[in-house]
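Colleague: I have a model open and a list of annotated residues beside it. Please show me how to read them, one feature at a time.

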Amino acid sequence: MKWFNTLSHNRWLEQETDRIFDFGRKSVVPTGFGWLGNTGLVKTDMGTHLWVTARMLHVYAVAASMGRPGAYQLVEHGINALNGVLRDKQYGGWYACVNDEGVIDASKQGYQHFFVLLGAASAVTTGHPQALKLLDDAIDVIEKYFWSEQEQMCLESWDEAFSKTEEYRGGNANMHAVEAFLIVYDVTHDRKWLDRAQRIASVIIHDVARSGEYRVNEHFDADWNPIRDYNKDNPAHRFRAYGGTPGHWIEWGRLMLHLHAALEARFEIPPAWLLEDAKGLFNATIRDAWAPDGAEGFVYSVGWDGEPIVRERVRWPIVEAMGTAYALFTVTGDAQYETWYQKWWDYCIKYLMDYENGSWWQELDTNNEVTTKVWDGKQDIYHLLHCLVIPRLPLAPGLAPAVAAGLLDCNAK
């Protein structure tokens, strides 16, 4: 049974994409894009997070290039937010969180700044007159504070004044740096962004994860030595979970295949390990995290022995798994990836897709019932593009540039 690159499946994806775009519009607040709750109302007590606003800018840049009325105005709203209350006009960069009264968290987080970079680069593809300046500003901050020439990797965070950085080095922030760098390359055609993306992947995946059965370590000290017991007392942390987070393993696989495709588009021969490790990450995710306790779904985290730690089923890992299944099928033609893709969609429509309140549930328990142990609400719709739009695109250029170039559904028959 074939779904990939068929007009009928792509029409279904298009319908679901529009449902998600409509849900996301509810997140608009004066300071950017707010944190959506399970019923589709903004949770005002959460404030306006930089990462949510930047990701929604990226989302509606894609929507604008898909010809969705009103999306361009949301791109403008996102740009204005990033040029407004979220921006630190004294020290540079962007605040982590604000609300209507002012700044809640003034720290400068790498994870969040890489989404500003992604959102700005995606906005450039819409032709918005302020987008290129925003991208230049974001690149300047990344170059000054978050890309370490000495380490050839990304730093994690700074205080408000960019005077003190954490000793901790994070795999999650560096993974999203790779995501952003690939889109910045597509927009600027500056080769260094591909080189940096490959360097990060080589350290975290090819050097460390590959030697550990592809259980990706995300916590490192300042010398890039893995810290295997990091957050052992707080295993369900949203951004720095103890042990391995399999959703990130499989997400890494897709990003490495985008890098593989970008190098091929330059008529270069990609390193063989990019595809080899992408396959290894995919297989390891299924091995350790898919239904290890009998019930369907991906567990949130596992230990270094592969045993589940946090057994809740969070939305974004399966979304990323579907995008990576498509990417691996595109590169290899191996039918097993389409089989998994179809299996995971069946799971999502049964348990995750919420047709009553909108969007998808963010978290389920071990019985696939809605819960909020790790996440409360349906924060944004960024990850959902990776199973709704990416399976209708080539792997290079990346998401927003490909849609802007008119490549959506170009292979459908």
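Modeller: Start with the elements. Helices (H or I, at least four residues) and strands (E, at least two) are DSSP runs, numbered from the N terminus. His 248, for instance, is found in helix 8, residues 246–265. Keep in mind that this is a predicted model, where local features need pLDDT of at least 70, side-chain atom pairs count only at pLDDT 80 or more, and totals for chains, interfaces and linings use all residues. Residues are numbered from 1 along each chain as its sequence is written, and side-chain values use heavy atoms, with hydrogens and water left out.

Colleague: Which residues does UniProt list for "active site"?

Modeller: First, a caution: UniProt positions are given in the numbering used here, feature names are shortened, and annotations may be inferred rather than shown by experiment. The unreviewed UniProt entry lists His 248 and His 383. They are spread over 136 residues of sequence, yet they cluster in space, with a largest C-alpha distance of 11.9 Å.

Colleague: Is His 248 buried or exposed?

Modeller: Buried means under 20% relative accessible area, exposed over 50%, and partly exposed in between (1.4 Å probe, protein chains only). His 248 has 6% relative accessibility, so it counts as buried. His 383 is at 10%, so it is buried too. His 383 sits in the loop between strand 13 and helix 12.

Colleague: What is His 383 in contact with?

Modeller: Contact means heavy atoms within 4.5 Å. Leaving aside neighbours within four places in sequence, His 383 is in contact with Arg 55, Glu 251, Trp 316, Val 319 and Glu 320. On the same terms, His 248 touches Asn 172, Met 175, Glu 218 and Trp 316.

Colleague: With which side chain does that of His 383 make a polar contact?

Modeller: A polar contact is a pair of N or O atoms within 3.5 Å; within protein, one must be able to donate a hydrogen and the other to accept it, and residues adjacent in sequence count only if both atoms are side-chain atoms. Here the partner is the side chain of Glu 320, at 2.6 Å. The side chains of Gln 379 and Gln 362 also make a polar contact, at 2.4 Å. Gln 379 is buried, because its relative accessible area is 1%.

Colleague: Which residues are listed for "binding site"?

Modeller: The unreviewed UniProt entry gives Arg 55, Tyr 111, Asn 172, His 176, Arg 238, Glu 251, Gln 362, Gln 379 and His 383. Of these, Tyr 111, Asn 172 and Arg 238 are included in the lining of the largest pocket.

Colleague: How do I read a pocket?

Modeller: Rolling a probe the size of a water molecule over the atoms shows where empty space is left. On a 1 Å grid over the protein atoms alone, a cavity is a set of points where a 1.4 Å probe fits but cannot get out; a pocket is an open set with protein on both sides within 12 Å along at least five of seven lines, and lining residues have an atom within 4 Å of a point. Grid points are joined across faces, edges and corners, and a volume is the space filled by probe spheres set on the points. The largest pocket has a volume of about 270 Å³. Of its 20 lining residues, the closest to its centre are Gln 109, Tyr 111, Gln 112, His 237 and Phe 239. Helix 4 gives the most to this lining, with 3 residues.
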